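Student: Can we go through this model together? I'd like to start with the DNA and then move on to the packing.

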2 protein chains.
Amino acid sequence: MTKQEETRDRVLDLIEGLSVGQAIPSERQLTQELGVSRLTIRAALDDLVRDGHLDRRHGSGTYVTEPKIAQPLTLTSFSDDMRRRGMVPGSRTLELVVTSTGARLARRLQVSPEARLVRVKRLRLADDQPMAMEVLHIPEVLVPGLTKTDLEDRSFYELLEERYGIVIVSGTQSIEPTVTSEEESEVLGVPLHTPAFLFERTTVAESGRIVEFVRSIYRGDRYRLVADLTPQRSRNGRLRAAAAKVRNGERRAELKSEGE
Amino acid sequence: MTKQEETRDRVLDLIEGLSVGQAIPSERQLTQELGVSRLTIRAALDDLVRDGHLDRRHGSGTYVTEPKIAQPLTLTSFSDDMRRRGMVPGSRTLELVVTSTGARLARRLQVSPEARLVRVKRLRLADDQPMAMEVLHIPEVLVPGLTKTDLEDRSFYELLEERYGIVIVSGTQSIEPTVTSEEESEVLGVPLHTPAFLFERTTVAESGRIVEFVRSIYRGDRYRLVADLTPQRSRNGRLRAAAAKVRNGERRAELKSEGE
DNA sequence: TACGAAAAGTGGTATTGACCACTTGGCGAG
DNA sequence: CTCGCCAAGTGGTCAATACCACTTTTCGTA
C-alpha cells in the first residue's frame, strides 16, 4: 500500500462524511492534516477526479461530485450498476448445471476441454423488472459447492471474493447489437426480435487465471450506453495542434424513461 | 502550451522515428536531452501511456507499442477510425439540404427553432463496403457554403478546423441497439431488420457552442465494440480493498471477420 | 562451463520549495 | 450605493533531489 493509495482512501473516507457540492480541504491543508507532500495529495486527488468522485475548480477548490450514474464500461457488477441508479437489483437463477467444457469455451476460459464447468443461467432484475438475461460459465474447480441460492441476493463478485478468495482485476467485454431469441423474449417479457445488446465478457483474477465467461442479453428498450467523448492525440501529428483540453471521457449508462 | 505538452509532442515526434517494440531513451536521459525535470517527463509519458502509444516496463525501459486498433469511444472521426484498421475510408454524400430546425433538434443543438440547419445524409464506406449511414445536422451559420463534394474525401472535423476555424473539444455519444429500417437496409446492402448500432452524438467546439448532432447507423454484422475493463473504486468502501492494479481500461472497436 | 551474486540501469514513489493562473471576496474610490 | 481593483487563497505546473523496487547485464566463483 503506497502512501498515495493510503491518501486516496483517507480522502475517500473524508468524502463520505460530506454531501455533494461541498468542498474538501485545500491541497495545502490536506498536506498538513495527512502528513504527506502536496504531490502525493495531488496524485491521490487525480485518481479520485478520474473516477468521478471529485471535481476541481481552478482558483476555487475541490468539490464532491454527484455520484456517477454508472460506468458500464468499467468492471462493475450488475448489482452495483443498478444500485447506483437507485434501483433495487435482483437476480433469479433459472438454471445451474455442471457440464463439460467443449472446444470453444475451453479456448475462451483457457482450460482443458475435459474440465468440468458450472453453467448458470439467470435473469437480472431492476426494481423487479426484467433487465437482462445472462449465462455464466465458470470452471468448477474455482467454485466448488456453488448453489442456486448463493447467487440470488448478492453480487457474484462479492461472493467470489468472500467465499473463494478470488479477486477480479481485469476483463474484456465485447458489445454487439442483436435481437432477442424466442427464449430471451419470453424470459425478458418483450416481443420476439426486440433489439438488444449482446455483451460477452471474460474476467481475470489476480492470479491471472480466467474466472468466467459471461454472455448477457440486455433489453435495448431499457438500457442505453452513454459515453462522454474527448479527442485523441494522433501519432502522425496531423491534428495534434487541436489537442484536448478535456481529458478522460467518462462512460455511463442510462435507463431510458418509459415514454421515449 | 505548457512544458509538459511540449514535452509530450517532442516525444511523440521521437516515437515516429522508431518502430514498434523499440525502447525510447530513459527518463533520466530525456531529462537532459529535453532540458526539463523528470517530473515533467513522467507526466508527459503518463499521457502517452494512457493513450496507448507507450508501454512502461519497470526496471527495463519504456517501449513503443503497437498502434491501437481503435478507440471508438474516444472522439475520433470515422476516417481516422477506419484508417487505423488499415482500411480505406470513404464517404458518399446522399443528400445535402438546408431546412429549418424544429423543436426537438433545436433543443439538442441549443439554437432557435427558426434557425437554418444544414442536413447531410451520407454513406460511410470502408474499403468501398458500406459500413454505416449517418445524418448530420449543423447550424448553417457555422458552415456557410458547404457543398456535397466538400465532404467526400476528407474528415469533416478536418474541414471544420481548416476552413471554418472550428476546433472540436468534446462530445457526448449514446449507443443503442436497433434494427435497420427499409431505407437503411437498402443503402447499407443488408437484409431488412438486421441488428445495428444506433449512435447519437453531439459535439462541442472550443467556444462551447454545439457544432453538430449526428445520428449514425452502423452495421452490426461488421462493427463491434470491445472494451477492456478495470475495477472501480467504490465510495462506500465495500470492495475498496480489492483495488485495481490495472487502471484505465482501453476501448477499441474491431471489425468482425467475414466468416464469424 | 554453468551458476549465482553483485552492480548498473530502469521506472515508481515521495519530499520540498517555488512560481503561475484563476477565482473569490473585501475594500476603497467614484 | 455601485463599480472596479487588488489581495488572499486555490488549484496547475515545474524543478531538483532522494530513495525504493525491479530488470538486465556483468563478472567472479564453483
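Student: Which element gives the most to the surface near DNA strand D?
Tutor: H3(B) does, with three residues. Helices (H or I, at least four residues) and strands (E, at least two) are DSSP runs numbered from the N terminus. This is a predicted model, where local features need pLDDT of at least 70 and side-chain atom pairs count only at pLDDT 80 or more, while totals for chains, interfaces and linings use all residues. Residues are numbered from 1 along each chain as its sequence is written, and chains are lettered from A and ligands numbered from 1 in the order in which they are written.

Student: Ok, strand C then. Which residues come nearest?
Tutor: A:Lys3, A:Gln4, A:Ser37, A:Leu39 and A:Gly59, out of 21 residues around DNA strand C. Two or more residues each come from helix H1 (3-16) and H3 of chain A, and from helix H2 (27-34), H3 and strand S2 (61-64) of chain B. H3(A) has the largest share, three residues.

Student: Switching to packing. What is the angle between H1(A) and H3(A)?
Tutor: About 60°, with the axes 8 Å apart. That makes H1(A) oblique to H3(A). Axes are lines fitted to C-alpha atoms, for helices over the stretch in contact, and angles run from 0 to 180 degrees between N-to-C directions. Angles under 35 degrees count as roughly parallel, over 145 as roughly antiparallel, 65 to 115 as roughly perpendicular and the rest as oblique.

Student: What are the classes of the residues in that contact?
Tutor: The contact of H1(A) with H3(A) has seven nonpolar, three polar and three charged residues. Residues are in contact if their C-beta atoms, placed from the backbone, lie within 7 Å.

Student: What about H2(A) and H3(A), where do they meet?
Tutor: A:Glu27, A:Arg28, A:Leu30 and A:Thr31 in H2(A) meet A:Arg38, A:Ile41 and A:Arg42 in H3(A). That contact has two nonpolar, one polar and four charged residues. The axes come within 9 Å and cross at roughly 110°, so H2(A) and H3(A) are roughly perpendicular to each other.

Student: Last topic, the strands. How many bridges join S4(A) to S5 of chain A?
Tutor: 10 bridges, with S4(A) and strand S5 (residues 129-139) running antiparallel. Strands pair if DSSP finds at least two bridges between them. A:Arg122 stands opposite A:Glu134 in S5(A). The hairpin of S4(A) and S5(A) has two residues between the strands, and A:Asp127 takes a positive phi near 50° there.

Student: And which residue stands opposite A:Ser100?
Tutor: A:Arg116 in S4(A). Strand S3 (residues 89-100) and strand S4 (residues 116-126) of chain A pair in the antiparallel sense over 11 bridges.

Technical notes
Near = placed C-beta within 6 Å. Nonpolar A, V, L, I, M, F, W, Y, C, P; charged D, E, K, R; others polar. Contact = placed C-beta atoms within 7 Å.
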